[in-house]
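Colleague: I have a model open and want to learn how to read an interface. Where do I start?

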Amino acid sequence: MTVKTQDTLAAVTGPNTRTLLRVVILLLIAGAAVSSRLFSVIRFESIIHEFDPWFNFRATKYLVANGFYKFWDWFDDRTWYPLGRVTGGTLYPGLMVTSGAIYHALRALAVPVDIRNICVLLAPAFSGLTAYASYLLTNEMVTSPSAGLLAAIFMGIAPGYISRSVAGSYDNEAIAIFLLVFTFFLWIKALKLGSMLWGALCALFYGYMVASWGGYAFITNLLPVHALVLIGMGRYSTRLYVSYTTWYALGTLASMQIPFVGFLPVKTSEHMPALGIFGFLQLIGFIQYVRSAISGRQFHTFLATLILATFAIGLGGLVALTSLGYAKIHIPIIASVSEHQPTAWPSFFFDLNFLIWLFPAGVYLCFQNLRDEHVFIVVYAIFGSYFAGVMVRLMLTLTPVVCVAAAMAVSQILDTYLLVKEPDAEDLAREAADSAKKTSGGLRAMKKPKVGIYTNLSKVVITSAMTIYLVMFVAHCTWVTSNAYSSPSVVLASRMPDGSQHIIDDYREAYQWLRQNTKEDAKIMSWWDYGYQIGGMADRPTLVDNNTWNNTHIATVGKAMSSREEVSYPIMRQHEVDYVLVVFGGLLGYSGDDINKFLWMVRIAEGIWPDEIKERDFFTQRGEYRVDDGATDTMKNSLMYKMSYYNYASLFPAGQVTDRVRGVRLPDQGPVLNTVEEAFTSENWIIRIYKVKDLDNVGRDHFSAAAFDRGQKKKKSQKKRGARVLRVD
Amino acid sequence: MAPKKNARDITPSAAATSQASTANAGSVPPQPKSVAAKRGAANWDAVLQNIYQHYVDATPQRTKLVDVFLLFLVVVGAIQFLYCVLAGNFPFNAFLSGFSATVGQFVLTISLRIQTTESNKNDFPSVSPERAFADYVVCSLILHFFCVNFIN
């Protein structure tokens, strides 16, 4: 559509109007990108979603309150309670520093905005920039400017990117995708011009990307692969040398400035391709120089000697490095199992709609005039599709290339069919003959057939079909964003029978209770999923959180949750736990509760203490995981089971105690708790908080003390003395 | 002034390049071509000799100056590496920043050398020698900032 208006107007006026139109269109695209991400803010409120963003938000608040240097070496003693966390050295500071800078800039402009609102709206703001960056990237690929505008609007509203960047999703990806696309644009620019300055800019934005997201490894590996493919195609040029070496030399140094990355770029294997290509380029550059200096026969001798020498030196260096112990230092990659799920086909269509089938067409078009930058798109497409197929989360890195390639395909179609002028038959015949003479060799795919479209009917039909697809794309994106990706996980929305909305706000109710009614340094024990939210909303120290850097500590919590009370109580005393928080969805049918996650706690604890915790004990004889009458004794006596179902039976008339998640009848007699007491239960029983009892005043264990309180003392006093042990002083 | 001198400097040398290469092509094949298949060692000397001769003949004065700087960087880098091997790499960041300063400066200087060489002019239509030098200065400043920051 944009092309049509441009063409007709261009006939009337000229390049000025086009520029104006382009600016207006880009502004509108930015507006669309921002406004389509605001569903959750308008429907609910301006709040941080999910789990991870709560930590980012907390860190940003710390940065804004205490300044940059304190943030840089911030030791956080309110997480991982006995251990603490060296936060400055274990996070990517780019996101926090960016929003801190925006905060101070707005203050300087006398627009004092709350830091929470900056954090909530950061992702939509950067999505506008991402759209602009993909406009620039696509303009490097093709001559037609309409492709860039199409890529910008695709990138602006594609659900694959929106899913990670709605308002309130204050995660690293919010700014990382912009940096990814912009770094690629700068790389292409540097490669085309062979300019050191663009290479240095590319390195600087690469450094910014490293500071923001762990996914920077994607760039670190994609650029070398691109360079390698270019060399393999015999397209080595001095421009490649200049741009790549400038990028690598400056970019590696820039990435090492981040404490979390540190020496990784020279030590780990995923950074080695970049180093290898760097060395390889030096070699090739030297060989190219020598080739220009001496004759062919001599050059062969020279080359053979050089290759032998390099091989020998390389082997020696490898042996030396291994023996020095460089390679022995093993940095464990925190690989969370749930994020390694492969992607199903429908999610490709769901996230990318009609872009997914235009994507291969766009890549095919890249083959037609295969310049250096098109090779980049091809390489990126192959790698991005593979990784997106392996892992759901990496759909995010695929989306930019899909948008670029699809935009190239759409604009090719529109450019062909929107030409009002009819082609001249004789002219075309001559041209065809010329081109046939010229391109006699090479790939068949690289020959462009010279055909024109003569009838207006076909033009109208094809164009309107494309327009319908584009309109449907917009409708699909809006629908997906509105329905699938705009729900905050902190508040649960449900519908009443009359259609009005009912908000279940138990999480914040419970966290607010913790914040107001407990000591400032009361330690909260919960499963690690809720660690960041407790730290962010309740502002209390936690034992474990979503940064799962210490598996043993998590296993300790798992053991405390899945053991009998006698075992759990000492563990909780040793870690000075004051409150235990469990999530229970049985009343409401909220399936993501702790009983459903319970088996993971058991498994993680079993990995450390296989003698004390056994997963088999939590299943019945027939291998069923049951919570009702038929549950095993181990299950019924575990702390988690008891805390979840404590007093639950009192809600229902006898015989009708139901767990709505598991869909089972529970026994009328609920479990009895001895070492903890109920402190708080939220409105819909989603969050239950228990206070760990102090030691008994007169030195009894908690079980006899509780039994005494309940009046369960034996009526007939037994005269017989029990077996006693000798008192040892 | 600078471009003038540059131009004067380069025109004869460019001619020399073509001359030298044609001379090489003309003079070398008859003698070693038949020998090359039998004796590799003797040929190797000739190869080095030819490369050196070509370098001395075809390189303008300024580029030679740049090459001296390159040689200096290589020597400094080699000394640092040798010291690291002999004395251990305890302040590893100091070693890395010193070593990568030399490596980075080396590749940047090579880039400058490539961009200012007359025969590469077709590769860089948008980069004049002055622009190349300005880029070089900016990149070196960035490099040194990072190195100084990293060495602590």
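Modeller: Start with a polar contact: a pair of N or O atoms within 3.5 Å; within protein, one must be able to donate a hydrogen and the other to accept it, and residues adjacent in sequence count only if both atoms are side-chain atoms. Between chain A and chain B, six residue pairs are in polar contact, both residues at pLDDT 80 or more. This is a predicted model, where local features need pLDDT of at least 70, side-chain atom pairs count only at pLDDT 80 or more, and totals for chains, interfaces and linings use all residues. Residues are numbered from 1 along each chain as written, chains are lettered from A in the order written, and side-chain values use heavy atoms, without hydrogens and water.

Colleague: Which helix gives the most to the side of chain A that touches chain B?

Modeller: Helices are DSSP runs (H or I, at least four residues), numbered from the N terminus. α13(A) gives the most, with 11 residues. That side of chain A has 22 nonpolar, 12 polar and three charged residues. Here Ala, Val, Leu, Ile, Met, Phe, Trp, Tyr, Cys and Pro are nonpolar, Asp, Glu, Lys and Arg charged, and the others, Gly among them, polar.

Colleague: What area is buried between chain A and chain B?

Modeller: Buried area is the accessible area (1.4 Å probe) that two parts lose on being put together, summed over both. Here that is about 3,500 Å², and carbon and sulfur atoms give 72%. A:Met196, A:Leu253 and A:Gln298 supply 18% of the area that chain A buries against chain B, more than any other three residues.

Technical notes
Helix = DSSP H or I, 4+ residues; strand = E, 2+ residues; numbered from the N terminus.
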